[in-house]
Each structure stands twice: as C-alpha cells, then as structure tokens.
Amino acid sequence: SSLTMCLSLTTVLISRRHASTNAIEQRPLCQSSTSQKCKYPFITDQTIAHEVIEKLSIYLKDKERCQPKDIMMPFRAAQEAGVIRRITHKEMKEAFPHHCPSSTTSVSYYTTPDTNPYHDVAAYRNIVEDFAHIAKAKEG
C-alpha cells in the first residue's frame, strides 16, 4: 500500500547512545493510518519530503548534545532555501525528538526571518545551497 511505502521511505535512523552500545532505532515520521501520503506540514513540497528529511537527518547526525544554534542551523538553511517553512517547536519535536531544543524560544529565535544568527558562518551558506539543490532537482 502507499502508506506502507511511505513509512518505509521516510524512516529515519536515529542514533541513541546507551551506556555501552550505540543502538539504532528506526522511527517512522509519518504515522497517520488514514493518510495516503506522508505529510510534513513544515515541508513546502511533499514530493521532495523524503529528500528534505534525509538531508536534515544527515546534518543532525551526532548533534544530540549540541547547542540550539548548532541544531537549528540546518532547519534555518532549509527554510532559507525554500524547502521548508518556519518550523514550530511541536513539529520539530515530533519529527526529530532527540534533536529538538527543549526551549520553544530557541526554535522560534533561530527560525525568525527578521534575524540571521548564521550570517558569519561559512558552513551555513553550503547547507543552504545543499537544500536549494533538492528544490532545483525537482524542477528538473
């Protein structure tokens, strides 16, 4: 079924650190049994949802204990590239529970369009370009 395919396509591997092991947990990000398509309300085009979620996951790898500014950078870059809209704390917590800053203020601040806390971060421009390529590839 299309829902089963959707669940298998959008499964994200989330690394969980345990005292003596690095176990990997598979967590489907799309859980609605009535939906025919995965819906990520923060992704601007659902046809590229898989690529966007996969790219966010790559940039979030090994960032469980980082500062909110570091965790939010890929989200802000994706937002600037136009592949996501401004994500809410609730949406981020549902999609990336092990990476979401505990403070709603942090999510809000780092995604506010009027500020750009990454203007002097060279890596940020590369991440924006990475997400922009996803959108351009879809346009074809």
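Let's start with Glu-80 and Arg-125, whose side chains meet in a salt bridge, 3.0 Å from N to O. Keep in mind that this is a predicted model. The pair ties together distant parts of the chain: Glu-80 sits in helix H3 and Arg-125 in helix H6, 45 residues apart. How accessible are these two? Glu-80 is partly exposed, at 38% relative accessibility, and Arg-125 is partly exposed too, at 41%.

How many salt bridges does the structure hold? There are 3. Another one joins the side chains of Lys-55 and Asp-130, at 3.5 Å from N to O. Here Lys-55 belongs to helix H2 and Asp-130 to helix H6, which covers residues 122-139, and the two are 75 residues apart. Asp-130 is partly exposed, with a relative accessible area of 24%.

Then we have Arg-85 with Glu-91, where the closest N and O atoms are 2.5 Å apart.

Helix H2, residues 49-60, and helix H3, residues 68-81, pack at an angle of about 155°, with their axes 10 Å apart. Angles over 145 degrees count as roughly antiparallel, so that is how H2 and H3 run relative to each other. Their crossing is right-handed.

Which residues meet there? From H2 come Leu-56, Tyr-59 and Leu-60, and from H3 come Ile-71, Pro-74 and Phe-75. That contact is made of 6 nonpolar residues, with no polar and no charged ones.

Terms used
Residues numbered from 1 in each chain as written. Predicted model: local features only at pLDDT ≥ 70, side-chain atom pairs only at ≥ 80, totals over all residues. Heavy atoms only, no water. Axes fitted to C-alpha atoms, helices over the stretch in contact; angles between N-to-C directions. Helix = DSSP H or I, 4+ residues; strand = E, 2+ residues; numbered from the N terminus. Parallel < 35°, antiparallel > 145°, perpendicular 65-115°, else oblique. Left-handed = near helix turned anticlockwise from the far one by under 90°. Contact = heavy atoms within 4.5 Å. Nonpolar A, V, L, I, M, F, W, Y, C, P; charged D, E, K, R; others polar. Salt bridge = Lys/Arg side-chain N within 4 Å of Asp/Glu carboxyl O. Buried < 20%, exposed > 50% of the residue type's maximum accessible area, 1.4 Å probe, protein only.
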